[in-house]
Amino acid sequence: MKDLNNKKVAVLVTDGFEQSELEQPVDALKEAGAQVDIISLKSGAVKGWNEKNWGKEITVDKTVDEVGAQDYDALVLPGGVMSPDKLRMNEQAVAFVGGFFENNKPVAAICHGPWTLIETGELKGRTVTSYPSLKTDLINAGANWVDKEVVVDNGLVTSRNPGDLPAFCRKMLEEIKEGMHIRTLILVLFSVFLFSCGSGDTREGYDEDTTDVLNPETEMYAPPADGTTTTDTSSFGDTGMDNTDNTPDMNR
């Protein structure tokens, strides 16, 4: 089934990417009907790494300075030691990757691919997996690292190694088909709802019926900085006091 018709997916690599971790996801994406662009730091071609030796060259469709996250529906980051290490040191590549998180778009990274994610600052609180040697780096970046063949966290898909590619590709396709993750969508809609309802000043410690500000420690009102006050007379009740000057009303 062509579930990903009209979807555009970016695959970000440079020389030294793990060949199988590019080829299998790209084949799966194209089979599902997606348009795939190979994005790199340079134009022309980049060379893969095939287990223990250099592998095939692939043609680069666009360079990273020519594109933005707004141009695509999802991002794939293959592994290999050399490619992610070079990408994470490139500011334009990191900004490109970060844009997918900012726009709540799916990102799929396998093996050493999550290395580049660290530089975006977007992993705090996320559950991820990766090649084991990245465990400490990911934990230091605030991620919760687990040893599983594939992990999905709010649109972020991660896997450990080429052996996990079947599970990785399956979850990658599911997330890209879904698009903006439902949890993220709910949060966005809820934020819009709160904003539309927030016509008044809802700051904690602020009384809408007075210009004075409540001191949370004393539970007494302090006048504003400009010296003006507004007196709420409703709380005096029938005390025999004149509410204007606080002197006894002898006529009562």
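Start with the cysteines: a search of the whole structure turns up zero disulfides, a disulfide being a pair of cysteine sulfur atoms within 2.5 Å. Keep in mind that this is a predicted model, where local features need pLDDT of at least 70, side-chain atom pairs count only at pLDDT 80 or more, and totals for chains, interfaces and linings use all residues. Residues are numbered from 1 along each chain as its sequence is written, and side-chain values use heavy atoms, leaving out hydrogens and water.

Next, select Cys111. Cys111 is buried at 7% relative accessibility, where buried means under 20% relative accessible area, exposed over 50% and partly exposed in between, with a 1.4 Å probe and protein chains only. Then click on Cys169, which is also buried, at 9%.

Now zoom out and show the whole chain as a cartoon. You will find seven helices and 14 strands; these are DSSP runs numbered from the N terminus, with helices being H or I of at least four residues and strands E of at least two. Of the 252 residues in the chain, 40% are buried.

For the last stop, select residues 150-153, which form strand 11, and pick out Val151 within that strand. Is Val151 buried or exposed? Val151 is buried, with a relative accessible area of 7%. Show its surroundings too: beyond its neighbours within four places in sequence, Val151 is in contact (heavy atoms within 4.5 Å) with Thr127, Val128, Thr129, Val146, Leu156, Val157 and Thr158.
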